[in-house]
Amino acid sequence: MSEIHSLAGPYVLHALDESERETFIQHLRGCETCAAEVAELNETVARLADDAWSVPPPALRDNVLAAVRRTRQIPPARPVRVRREPTRWWRHPAALTTAACLLVAALVGGATWTVQEQRLRDERATAQAAQQELARTQAVLTAQDATVRTSDVAGGGKVTVVASPSQDAAVILLATHSPGAQKAYQFWLMEGTTPHSAGVLAAGQGTATHLVSGVNAADAMGLTVEPAGGSASPTLPIIAEIPMK
């Protein structure tokens, strides 16, 4: 019955039907609030009624109810559902971290594989070169036209040269003392007075079997002590010399 308090206005404007009017009149006898509101409304209506209807036109109530029936009621508001955007995996920090780790692992793995593959290729190339040099050395040593020449090394030791014109190569066998940690023995092929480097041993190395190609044009083979890594021209004195002709 709480809505009965809202009938004060229609009661003052005579917009209630007979049943509603009787009910509201009974309510007014016990409701001081509605009684005071009806009194105020009556006073206001009296002031407004100077040049207007003292009572509403007879068709007012019917017109109002008809307008209410024609007016589409607004449905109760429904809660708005917020659509959540699907989370993209690449927007998730953990997913990004995992992807970065996988990428780094793939790169490291690929780099490691590349380094290992290159090392294997280098080892195969070194082994192949060693086999070719060994076969070439055996060919010189067993050649029918091979000649053997020997010379003493100044300071001790010997150097032997086995040369084969048919192979256009020679095998040098050196057996002497170490030249020192920062020194190296270097071989020279002499064409007249022009020296051509025929190879440098490792620093401190005093014994070696060394294959030299292109010996047919050489007049002699010389041996010097050079700084580690060798020199562009012989550092005198020549400590061993063997004629090649």
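Student: In which helix does His27 lie?

Tutor: In this predicted model, His27 belongs to helix α2, which covers residues 18–28.

Student: Why is His27 called buried?

Tutor: The relative accessible area of His27 is 17%. Buried means under 20%, and therefore His27, at 17%, counts as buried.

Student: Which residues is His27 in contact with, leaving aside its neighbours within four places in sequence?

Tutor: They are Ile4, His5 and Cys34. Contact here requires heavy atoms within 4.5 Å.

Student: What does UniProt place at residues 3–35?

Tutor: The unreviewed UniProt entry gives the feature "domain: Putative zinc-finger" there; such an annotation may be inferred rather than shown by experiment.

Student: What makes Asp168 partly exposed?

Tutor: Its relative accessibility is 29%. Asp168 is situated in the loop between β2 (157–164) and β3 (169–176).

Student: What is the phi of Asp168?

Tutor: Phi is near 50° for Asp168, a positive value in a residue other than glycine.

Student: Is the peptide bond from Leu236 to Pro237 cis or trans?

Tutor: That bond is cis, with omega near 5°. Pro237 lies in the loop that runs between β7 (220–227) and β8 (240–243).

Definitions and conventions. Residues numbered from 1 in each chain as written. Predicted model: local features only at pLDDT ≥ 70, side-chain atom pairs only at ≥ 80, totals over all residues. Heavy atoms only, no water. Helix = DSSP H or I, 4+ residues; strand = E, 2+ residues; numbered from the N terminus. Buried < 20%, exposed > 50% of the residue type's maximum accessible area, 1.4 Å probe, protein only.
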